[in-house]
Amino acid sequence: MTALLSVSGLTAGYGGVPVIEDVGLELQEHEIAVIIGPNGAGKSTLLKTIFALTKTDAGSILFNGKDIKGLRTDQLVPLGISAVPQTRNVFPTLTVSENLDIGTYAAPPADKAKVLAGVMALFPDLQDKLRQPAGELSGGQRQMVAMGRALMSEPALLLLDEPTAGLSPAYLEKIFDLLLDIRGRGVTILMVEQNAKQALRIADTGHVLVNGRNFTSGEGKVLLEDDEVRRSFLGGVEA
């Protein structure tokens with residue numbers, strides 16, 4: 001089976017200084033995959049490199065078997081890749097409706113009204129806030145706007161950088177539930193997440209980065225039970 005996303009020997013960084021080196025991973029269709037590891041491990045840099053926000057120094061990135069290394073971000077969206085950054089992920093002075101509409105600019109859907117209805121079904125909390133500036137929303141609601149905007153282009157692959165960062169426990173659980181719903185609609189998800197235990201519980205696969213390199217990969221439930229992973233990255237031996 002051809003992987004939806006295949007990263008091999010990827011080296012990238014900033015100003016000629018590598019942050020990730022010789023990193024590889026594969027993602028099958030309809031998977032949730034999580035990247036975990038200590039601060040400074042290169043997790044976000046990996047996502048940014050896949051989404052053409054960081055220069056690739058070496059390695060390959062294949063999406064649906066197509067080499068996408070060297071393409072611009074605006075060229076990746078029509079191919080079926082969308083991303084949600086960790087910070088500054090909404091336009092605060094624009095309404096929720098306007099934020100969602102921006103998600104259609106690079107890859108207009110054939111039936112925008114139908115896609116919007118699907119997004120509203122996923123995020124009913126936003127239904128009565130469509131005319132409200134996104135900057136007035138709670139952190140959890142802004143995250144929903146950002147995710148909804150990314151889904152407006154009908155992506156096959158959704159990249160998420162710390163989707164639960166700074167959220168209340170209630171919204172944290174809600175976001176993880178939403179990720180399962182999004183996967184259930186046929187979208188493959190690759191995310192960076194500091195809440196590693198919760199993320200691995202819903203993930204099909206997990207990838208651990210340390211010092212910019214692959215440490216280990218495996219099924220989410222297997223990594224949860226791995227003593228070394230639990231001791232080093234999950235806060236002890238109790239998972």
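In the predicted model described here, D57 counts as partly exposed at 41% relative accessibility, where buried denotes a relative accessible area under 20%, exposed over 50% and partly exposed in between (1.4 Å probe, protein chains only). Residues are numbered from 1 along each chain as its sequence is written, and side-chain values use heavy atoms, with hydrogens and water left out. Because the model is predicted, local features need pLDDT of at least 70 and side-chain atom pairs count only at pLDDT 80 or more, whereas totals for chains, interfaces and linings use all residues.

The partner of D57 in a salt bridge is K55, with the closest N and O atoms 3.3 Å apart, and K55 is exposed at 60% relative accessibility. A salt bridge is taken as a side-chain nitrogen of Lys or Arg within 4 Å of a carboxyl oxygen of Asp or Glu, and the structure holds seven salt bridges. Among them is that between R213 and E21, whose closest N and O atoms are 3.6 Å apart; this pair links distant parts of the chain, R213 lying in strand 10 and E21 in strand 2 (residues 17–27), 192 residues apart.

Strands are DSSP runs (E, at least two residues) numbered from the N terminus, and two of them pair if DSSP finds at least two bridges between them. Strand 9 (residues 205–210) is largely enclosed by the rest of the structure, because five of its six residues are buried. Strand 9 pairs in the parallel sense with strand 3 (residues 32–36) over four bridges, and in the antiparallel sense with strand 10 (residues 213–219) over six bridges.
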